[in-house]
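Please keep the sequence and the 3D view open while you go through them.

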Amino acid sequence: MIPVENYIGLSAILFTIGAMGVLTRRNAIVIFMSVELMLNSANLLFIAFAQVYQEVGGHVFVFFVMAVAAAEVAVGLALIVAIFRSRGTINIDDLHHLKG
Amino acid sequence: MLLSEVSAGPTFFALAPWVVFIPVIGLLLNIILGRRMGERFVGIVASSAAFLAFIVSVLLALSLRSQPEGMVVTLADWLTIGELHVPWAFNVDTLSVTMMLVVSGVGTLIHIYASGYMHYDVRYKEDPASYTRFFIYLNLFIAFMMTLVSGSSYLMLFVGWEGVGLCSFLLIGFWFTRNPDGSIGINNSNAAKKAFITNRVGDFGFLIAMFLTFWYFGSLEFHEVFHAVETMASTVPSWVIPAIGIFMLVGVTGKSAQIPLFVWLPDAMAGPTPVSALIHAATMVTAGVYLVTRSYPIFEASHLAQTIVATVGAVTALFAATVAVGQFDIKKVLAYSTVSQLGFMVAAVGMGGFVAGMFHLVTHAFFKALLFLGAGSVILGVERGHHPLESTGDAPAKANKKGTHAEAKHGKGQEAHHDAGPHDAGHHDAGHDDHHAFDPQDMRNMGGMRKSMPVTFWVYMMGTLALAGIVPFAGFWSKDEILADASAEFPLAYWLLTIAAFLTAFYMGRQIWMVFFGKPRTHAAEAAKESPMTMTIPLGILAFLSVVGGALNLPTIHTFANWLEHTMGHAAHAGEFNPQVAIVSTVLALTAILLSWLLYGRKPLASTEDTDPLRRMLGPIFVGMNRKWMVDEFYGWLIIRPYQRFAAFLADKVDWDFWHNWFHDSVIAAGFQGLTRLLADPIDLGFVDRVSYWLAEGTSGLSRLLSRLQNGFARNYALMVFMGVVVILGYVILR
């Protein structure tokens with residue numbers, strides 16, 4: 001079989017790429033995509049360990065994560081549409097109206 | 001029941017406290033109900049209180065017949081401090097009961113007299129509401145005087161001593177808004193102050209005597225002290241007993257008006273006449289004589305003290321008699337006469353003649369009270385003649401009547417110019433301005449009063465003869481006993497007293513001729529009316545006592561001496577009758593009266609403006625006598641003005657300038673303000689304000705700093721979160 005370390009490495013790399021995307025990209029939709037990437041990396045890890053320890057709980061949790069991710073994306077995209085309608089931009093650097 | 005059959009009878013010693021309590025009850029009744037119930041009630045209550053006290057005194061005297069050595073009735077413990085034990089106790093023995101009888105007996109008569117006299121006086125002084133106050137004070141006086149004579153220790157005596165001084169002050173200054181001549185002013189209260197302060201000086205001496213007594217003899221109770229004096233006289237330093245005697249003498253000179261503290265008594269004539277009679281003739285001033293008599297063991301143990309007492313008494317007797325000769329005010333003559341007679345008494349008890357002194361005290365109370373009350377009657381008559389009060393029912397004089405009368409009587413055409421004014425109108429109220437121009441007490445405004453006031457004239461004659469010492473009146477027996485004792489014991493005193501007796505007869509004769517004989521010199525004297533019965537009846541009773549009072553201690557029978565012997569033992573020796581002394585004194589008295597007739601009776605003063613014949617004869621000596629030898633001026637120069645200057649210095653310079661202006665303002669106020677400024681400026685503004693400013697600035701600086709974190713950039717926030725997670729995870733994994 002494929003050694004579990006490969007899966008862990010892949011998951012780590014995906015997570016890092018996703019984190020970098022969240023921190024450095026300006027477009028809100030791209031930030032969402034990066035967040036999805038982070039979530040999926042976590043999913044991959046869950047499945048890998050479920051296989052290793054022959055646990056079915058891992059699979060169940062992946063379903064939870066997917067459901068949450070979907071809900072979150074729905075809400076987030078609705079927010080972005082609302083912001084675009086009122087501000088005309090979704091460049092997060094230009095959205096600093098909550099500054100103290 | 002004859003008195004002799006009572007000798008084994010019941011004793012009433014337990015009633016002793018009532019002699020003090022009954023007058024107190026009387027005055028309380030008058031305080032509570034007097035104003036409401038009116039004058040009759042007040043007079044009756046006060047007189048009854050005095051009379052009941054007299055009844056109790058009589059009962060005590062009867063008890064003494066069964067138990068002559070007397071008894072001490074203890075009511076309660078008053079003071080117990082260390083070794084000093086003073087009970088509230090009443091000493092009933094023959095000496096104290098004698099005083100009680102005199103005080104309450106003469107006191108009752110004076111109360112009755114005063115109830116009539118004050119009725120007029122309060123209306124002349126325009127203050128009818130004061131009637132009650134007068135009788136309250138009179139009863140208070142009786143209560144205190146009884147405390148004085150019945151006390152069983154020096155301290156109880158002193159309570160009464162001070163109390164009668166207080167009552168004297170209250171009664172001398174009774175009309176405290178007026179002067180003695182009736183005008184508005186402060187001289188009456190000045191006289192009261194003078195009496196109180198002069199007495200205080202005497203009391204100081206008395207206190208020192210009491211301190212010495214307690215210190216060396218351990219007690220203030222009479223029987224303990226006298227026992228100690230007799231047994232311990234050799235164990236105390238030799239100066240103690242004479243010192244006690246001499247300091248007691250200082251107290252006596254204050255209370256009994258001897259040299260040098262007698263100056264208050266003539267001024268005390270500012271009080272209403274019943275006051276002069278009761279307090280300043282019959283009772284209070286005799287307290288000093290009583291004190292010396294009571295302390296006879298102390299005086300018998302010290303010849304020096306005795307000599308000094310006798311000398312002071314004799315010199316005072318002569319001195320005061322000379323002043324009395326030159327006085328024109330009827331009451332002043334009697335006042336100086338009282339000082340002189342007190343000198344007789346003090347000299348007597350100083351020489352060891354206690355019986356003679358006490359005998360003279362009793363007879364003097366009778367005839368001096370009589371003379372004062374008689375003088376009051378004369379003064380009242382003159383006032384009523386001068387200024388009839390419609391409110392009292394006196395008919396106002398009509399102008400016409402006065403005109404014809406005056407022209408008829410005063411043939412030389414001399415109007416009574418002083419009182420020409422007020423009788424024009426038919427209606428009078430008291431208090432017109434003309435009062436102050438007419439002195440009803442000046443003998444030059446009198447004359448011929450035996451026609452207008454016959455009863456007063458006759459009783460006054462009897463009082464005069466008693467005082468002058470004409471046999472068989474009371475004064476002869478008592479004064480003669482003093483002179484007899486003096487001729488045996490102390491010749492110097494004998495000569496001084498004899499000359500004083502001569503002058504006594506002279507000035508009393510002068511007074512009689514000036515007041516009652518001749519022609520009335522003013523309209524007032526002519527229009528005078530006899531006094532009402534409330535006044536003349538007590539006068540009559542006193543006159544009777546002045547006539548028969550000598551029977552108290554007739555030679556060889558010596559009733560009074562035997563009576564006193566129960567208390568005083570051998571000290572109450574009865575003097576032998578010395579016929580030579582008696583004849584000499586009687587001859588001198590008659591000569592004096594003849595002399596006074598030659599000067600004043602044969603050719604009486606014709607008008608108020610005439611000079612006194614004695615003035616023509618003696619010139620400056622008479623002026624000296626009239627001005628009382630300038631004693632008051634001398635005291636003023638020597639003591640009073642320096643004291644007032646000192647007091648003013650203390651008040652203005654020390655208290656005001658130094659203490660208030662400098663110390664309070666500069667030291668205290670300025671110092672405090674300096675301290676305040678120190679606290680306010682550097683500390684409050686400088687330090688505290690800065691701290692709070694700093695806190696505020698710091699907080700806003702910090703907040704400015706921290707608010708830069710909240711820049712609204714979501715990416716920054718995300719980065720912070722990410723880094724925080726990394727740190728926490730790192731910590732958890734690497735731990």
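1. Two strands are said to pair if DSSP finds at least two bridges between them, and the elements themselves are DSSP runs numbered from the N terminus, with helices being H or I runs of at least four residues and strands being E runs of at least two. With those terms in hand, strand β1 (residues 71-81) of chain B and strand β2 (residues 84-92) of chain B pair in the antiparallel sense, over nine bridges.

2. A word on how to read what follows. This is a predicted model, in which local features need pLDDT of at least 70 and side-chain atom pairs count only at pLDDT 80 or more, while totals for chains, interfaces and linings use all residues. Residues are numbered from 1 along each chain as its sequence is written, chains are lettered from A and ligands numbered from 1 in the order in which they are written, and side-chain values use heavy atoms, with hydrogens and water left out.

3. To return to the strand pair, B:V73 stands opposite B:F90 in β2(B), and B:L79 stands opposite B:V86 in β2(B). The hairpin of β1(B) and β2(B) has two residues between the strands, and B:G82 takes a positive phi near 60° there. In a regular strand the side chains alternate between the two faces of the sheet.

4. Chain B as a whole has 28 helices and two strands. Its C-alpha trace spans about 145 × 75 × 50 Å along the principal axes, and its radius of gyration is 37 Å, whereas a compact globule of 735 residues would have one near 27 Å. That radius is taken over C-alpha atoms, and the globule rule is 2.2 Å times the number of residues to the power 0.38. Of the 735 residues in chain B, 53% are buried. Contact means heavy atoms within 4.5 Å, and residues 24 or more positions apart account for 80% of the contacts in chain B with a separation of 6 or more.

5. Chain A has three helices and zero strands, and from the N terminus on its elements run α-α-α. In chain A, 24% of the 100 residues count as buried, and among contacts between residues at least 6 apart in sequence, 52% join residues at least 24 apart.

6. B:A143 is in helix α4 (residues 130-150) of chain B, and B:A143 counts as buried, because its relative accessibility is 5%. Which residues does B:A143 touch, leaving aside its neighbours within four places in sequence? They are B:V20, B:P23 and B:V24. B:P23 is 120 residues away from B:A143 along the chain, and yet their C-alpha atoms are separated by 5.4 Å.

7. The backbone deserves a careful check at a few places in chain B. Most residues other than glycine have a negative phi, and most peptide bonds are trans. A cis peptide bond joins B:I259 and B:P260, with omega about 5°, and B:P260 is found in the loop between α8 (240-255) and α9 (264-267) of chain B. The loop between α8 and α9 of chain B also holds B:A257, which is not a glycine but has a positive phi near 55°, and B:A257 is buried, with a relative accessible area of 0%.

8. Further along chain B, a cis peptide bond joins B:V471 and B:P472, with omega about 0°, and B:P472 lies in the loop between α18 (454-468) and α19 (474-489) of chain B. B:M630 has a positive phi of about 55°, although it is not a glycine, and this residue lies in the loop between α26 (620-626) and α27 (631-707) of chain B.

Notes. Buried means under 20% relative accessible area, exposed over 50%, partly exposed in between (1.4 Å probe, protein chains only).
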